[in-house]
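Student: Please take me through this model by question and answer, starting with the chain as a whole and then turning to its parts.

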Amino acid sequence: MHKNAPRRNHPRPPRANPLADCPLTAAFAAIGGKWKLTLIYWLAHGEAHFAGLRRRAAPISAKVLTEQLRELEADGIVERDATGPVPQPVIYRLTAYGAALAPLVEQVRIWGEAHLRRRRGGSAAATACAVPLVTRR
């Protein structure tokens, strides 16, 4: 098997929660990390190919993007749709379970916008993630 080929024969099991009874560690195990909320943000705008996600989340490496997507998939947040045999494009989308994270991601984005303004002394500069998510309550 080619080393970059996806490992589809053995789906990854969900990762263990280090503090089994703590909902916060369960949440951070599933969506914590440098890139996961950003990936969920972009996928909340619509499905995307690997290359499209990599462009949007630059400067993420292909290796790290693959790892993050596999972890999100293992936790049932993202689904992967291979459009044909390797090297055909793969489409990623949020599952219904993953889409439920949109209001949380939007609140984190809003807080981050305010945090950037505070750090910049009140100036509001356009950011890569400036488009609000439409969330249902």
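**The chain and its parts**

Student: Among contacts in the chain with a separation of 6 or more, what percentage comes from residues 24 or more positions apart?

Tutor: A contact means heavy atoms within 4.5 Å. Of the contacts with a separation of 6 or more, the share from residues 24 or more positions apart is 54%.

Student: Where do these values come from, and what is the pattern along the sequence?

Tutor: This is a predicted model, where local features need pLDDT of at least 70 and side-chain atom pairs count only at pLDDT 80 or more, while totals for chains, interfaces and linings use all residues. Residues are numbered from 1 along each chain as its sequence is written, and side-chain values use heavy atoms, leaving out hydrogens and water. The chain has six helices and three strands, taken as DSSP runs numbered from the N terminus (helices H or I, at least four residues; strands E, at least two). Read along the sequence, the pattern is α-α-β-α-α-β-β-α-α.

Student: Which residue in E3 is the bridge partner of Ala48?

Tutor: Strands of a sheet pair through backbone hydrogen bonds, either parallel or antiparallel. E1 and E3 pair in the antiparallel sense. The bridge partner of Ala48 in E3 is Tyr92.

Student: Are H1 and H2 roughly parallel or roughly perpendicular to each other?

Tutor: Ala29, Ala30 and Ile31 in H1 meet Lys36, Leu37 and Ile40 in H2. The two helices pack at about 70°, with axes 8 Å apart; axes are lines fitted to C-alpha atoms, for helices over the stretch in contact, and angles run from 0 to 180 degrees between N-to-C directions. Angles under 35 degrees count as roughly parallel, over 145 as roughly antiparallel, 65 to 115 as roughly perpendicular and the rest as oblique. H1 and H2 are therefore roughly perpendicular.

Student: Is Gln68 buried or exposed?

Tutor: Gln68 lies in helix H4 (residues 62-74). Not counting residues up to four places away in sequence, Gln68 touches Trp35, Lys36 and Leu39. Because its relative accessible area is 10%, Gln68 is buried.

Student: Is Val134 buried or exposed?

Tutor: Val134 lies in the segment after H6. Its C-alpha atom is separated by 8.8 Å from that of Ala44, 90 residues apart along the chain. Exposed means over 50% relative accessible area, with partly exposed between the two limits. Because its relative accessible area is 80%, Val134 is exposed.

Technical notes. Buried means under 20% relative accessible area, exposed over 50%, partly exposed in between (1.4 Å probe, protein chains only). Two strands pair if DSSP finds at least two bridges between them.
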